[in-house]
Amino acid sequence: MSTKARVLVVDDSPTMRGLIKAVLRSDPDIEVIGEAGDAMEARAAIKQLNPDVITLDVEMPNMNGLEFLEKIMQLRPMPVIMVSTLTHRGAQATLAALEIGAFDCVGKPLPGDRTPFGTLAEIVKAAARSQRHKQYGAAAPATPAAPSTVSNYVPARKIIGIGASTGGVEALITVLKSFPPNCPPTVITQHMPPAFTKSFAERLNRLCPPQVKEAEDGDRLEIGRVYLAPGGERHLEVANPLAPVCRLVEGPNVNGHRPSVDVLFNSLAKLAGNKAVGVILTGMGQDGAQGLLRMRQAGAITIGQNEKTCVVYGMPRVAHELGAVSVQLPLNAIGEEILKSTVSCKDRVA
């Protein structure tokens, strides 16, 4: 980076603030310029120090992190990374924060964690240089999905695979809200802390027409169902060509992630070939790019989110540069393109 990312650390625990500062200060491209123990201290520090990025505890006294985040996004928008406990309550609050406009989230370390906040420094640097950061100055409005032009939708015998990372919560909500209740079976890998994916699947299920669940090993892929890879120890694959099912498989991290988008896309390239549609959305790094290329080489239609609408144009950029993306679109047009690519009768497209 040409200049260091200037960070304000906000957490009511002195111990947690110390740990976050130590992790960030170990990176030469980051400067911790201040800290605060509650929202009032943080407000004064923001005015005085004008940080590039804030790390914000979800649960704080006097004013919790969600309430403070809303004020930040209304009055002085900037990249905010939420720091949350890996609990159901913490997951619900963090997902709400991501919808409000938080840049990303990290889980607080558990006892015995050998690499606490292992990805925090990279997330901070991405936040500081992201396109979304450049656009701050007014709260980023939610991107509504384009109105459907597919009438009397009947799904073809295809499988949809979607990969996302930073910014993926808002992006996936936008895409899945445009799906009909009888969408093709859809499998998703979203980089997210382990305790959060079940809550996220439940949230998507409430907000979107299809039925959404956290994937379980052996789940049979069915029309109108969306399967979200559980965060944690296993990768999500699709197996059994005659009656496709979800498989949760052991294995090392791929591209630094488990579950990995590449693992999911590679399985779809092998299993479904031209009977699949691959979609790569906003996210840091390059996970999913090689797998999407294999899907395209196997005959699948492949779609990438464009730079302008990405929170972080990382994964889609690498995929595009590799030649893995057959069509690149703004977020609000991706759901419609998926439906056009999977409708059974083309003459039903208006």
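Predicted model: local features only at pLDDT ≥ 70, side-chain atom pairs only at ≥ 80, totals over all residues.
Q: In what order do the strands of the open sheet run?
A: The order is β8-β9-β7-β6-β12-β13-β14, 7 strands with parallel pairing. Strands are DSSP runs of E of at least two residues, and helices are runs of H or I of at least four, both numbered from the N terminus. Two strands pair if DSSP finds at least two bridges between them.

Q: Which strands are at the edges?
A: They are β8 (211-214) and β14 (327-329), each of which pairs on one side only.

Q: How many bridges join β8 to β9?
A: There are 4, and β9 covers residues 225-228. Within this pair, V212 is opposite V226.

Q: Which strands does helix α8 touch?
A: Helix α8 (residues 197-207) packs on the sheet against β7 (186-190), β8 and β9. Contact means heavy atoms within 4.5 Å. The direction of α8 makes about 175° with that of β8; such angles run from 0 to 180 degrees between N-to-C directions, with axes fitted to C-alpha atoms, for helices over the stretch in contact.

Q: Which residues of α8 are buried?
A: T197, S199, F200, A201, R203 and L204 are buried, meaning under 20% relative accessible area with a 1.4 Å probe and protein chains only; exposed is over 50%, and partly exposed is in between. Their cover includes α4, α7 (168-177), β7, β8 and β9.

Q: Moving on, where is P209?
A: P209 is in the loop between α8 and β8. Because its relative accessibility is 40%, P209 counts as partly exposed.

Q: Which residues does P209 touch?
A: Leaving aside residues up to four places away in sequence, P209 touches L176, K177, F179, P180 and P181.

Q: At what angle do α3 and α4 cross?
A: The axes of α3 (residues 65-75) and α4 (residues 88-100) cross at roughly 5° and come within 10 Å. The two helices are therefore roughly parallel, a term for angles under 35 degrees.

Q: Which residues make that contact?
A: L66, L69, E70 and M73 of α3 meet A93, A96, A97 and I100 of α4.

Technical notes: Residues numbered from 1 in each chain as written. Heavy atoms only, no water. Parallel < 35°, antiparallel > 145°, perpendicular 65-115°, else oblique.
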